[in-house]
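Student: I would like a close look at one part of this protein. Please keep to what can be read from the model.

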Amino acid sequence: MATNGAPSATKRSLGSEPERRPPSRDGNKLAASLADRIVADIAELGWPEGRVLGSESDLLQRYGISRAVFREAARLVELQHVARMRRGPGGGLIVAAPSVDAIVDVVSVYLYFVGANVDELFEARIAVESAAAALAPDRLEERWIERIRALVERERTRECEDHREFHRLVASVSGNPAIELFVELLNRATYLFLAPRTPMSARVINESAQAHAAIASAVLAGNGGLASSRMRKHLDAEGTFLRRRRVAPAGLADLPQIGRTTKLPEVTARKIFDEVVERGWPVGELLGSGPDLMARYGVSRGVLREAVRLLEYLQIARMRRGPGGGLFVTAPGVEATTEAIALHVERNEITPSQLFEVRTAVEMAVLDRVLDLPDDAVAPRLHEALAAERAASRAEFVTVGHDLHRVLAEVSGNHVLQLLTQVLVTLTRRRATAPDDAVDRVPAADITLVHSGLVDAIVQGDRALARLRARQHLVALERWVR
Ligand SMILES: [Zn+2]
Ligand SMILES: [Zn+2]
């Protein structure tokens, strides 16, 4: 299933990423651009949760659009968890509470499509969470000490059996909301796929409580190195445990959950998603015309339209209007995840430095993986990327100049690390290349020199040198972005 879609997804995402937010993922361009405008207006107001932006008729007037376009746009911002419509008196479009649900769905669908497996998810978790544990001691505040001790105690007495709580806490102590986001996302993605089949035994819960206590004591003792290596070991053990418990060890065999309610449109979207998967995710194939689908799933036009909106948002299928139109299967791409995360980054005022901290953890994990691969699998790809970089014009360099990072992630063969690298490169780059005149300021020759130094070290298999050069390069890039 996933394998036949993988190559196209990889190819699509390489170097073809749009500079800016794609104008429309939806057939209805007007509604999509109105949705973007609503998001921008809410951002301007400072995301005032719970505030009524206006009644439907207020907003129709303010934006000067038709009711149909407005309703479509309102649904789009609902999907992004930015605002929701409340009917009745005092109702209207209301700023919603932030939620990572929308991002979790997008990430899970993408990972399922490209055929990521549990090991890849755990490897990414190890990269981000061991970085969080390493940073935690230096950023410990008084309020955290009590929280950590209390949680360790609640786990010891089995009062708390939610494994994720401890991981969330360590992420919070790291003081970096970008780390918090990615820890939560990867954690949720893991359990989305695994939860139904993996009830934890008392022994496992006990072992994990002990591992958590050991990590906590290293954090409280101010030993970041120890906290980090204990986190790594703990997640390794957990990954091994879950892998053994799996019925189908190869991939993420369980369908990710899309949508969370029992409302008819979401249920219908899940059924259509099942059908797409059952058919082997045939990208480009027609699932049926609107009337066909209404009959097949026994739903009204309105319900189908809402189901389609969710499927389009997750890039599972897309409705083409007009003669010969209908619902067509699409390939989920990296952009949907990038945009969902970009919104969260903006909303939570996550800084470029905070993003860079995650990016560094992810790219160092990529590098370690690449260094473990045989040279002939790696060298030609890296040299090819360098050649493209050298041949790029100044204007092209703005895009091509970052390809080596993407190529390394692709070569690493870990779909999760690859997704995270692409998202983080794009998001950190947006800050760096915002003004057009920045093109002239990009030190292209310097960057290419640094990149070729890194490639040399990798090809020679000199791990220490490669790691050092990569780290120095990321530090330099971060200064450039700030
Ligand atoms: Zn744990
Ligand atoms: Zn670079």
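Which strands does helix α13 lie across, and at what angle does α13 run to β4?

Tutor: This is a predicted model, in which local features need pLDDT of at least 70, side-chain atom pairs count only at pLDDT 80 or more, and totals for chains, interfaces and linings use all residues. Residues are numbered from 1 along each chain as its sequence is written, while chains are lettered from A and ligands numbered from 1 in the order in which they are written.

Helix α13, residues 290-297, lies across β4 and β6 and runs at about 60° to β4. Helices (H or I, at least four residues) and strands (E, at least two) are DSSP runs numbered from the N terminus. Axes are lines fitted to C-alpha atoms, for helices over the stretch in contact, with angles from 0 to 180 degrees between N-to-C directions; contact is C-beta atoms, placed from the backbone, within 7 Å.

The strands under discussion belong to an open sheet of 3 strands, ordered β4-β6-β5, with antiparallel pairing. Its edge strands, β4 (286-288) and β5 (317-320), each pair on one side only. From one strand to the next, the twist averages 35°. Two strands pair if DSSP finds at least two bridges between them. Between β5 and β6 (residues 326-329), which run antiparallel, there are 4 bridges. One of the residues involved is alanine 317, whose bridge partner in β6 is valine 329. Strands of a sheet pair through backbone hydrogen bonds, either parallel or antiparallel.

For context, the protein has 23 helices and 6 strands.

Key. Two residues are in contact if their C-beta atoms, placed from the backbone, lie within 7 Å.
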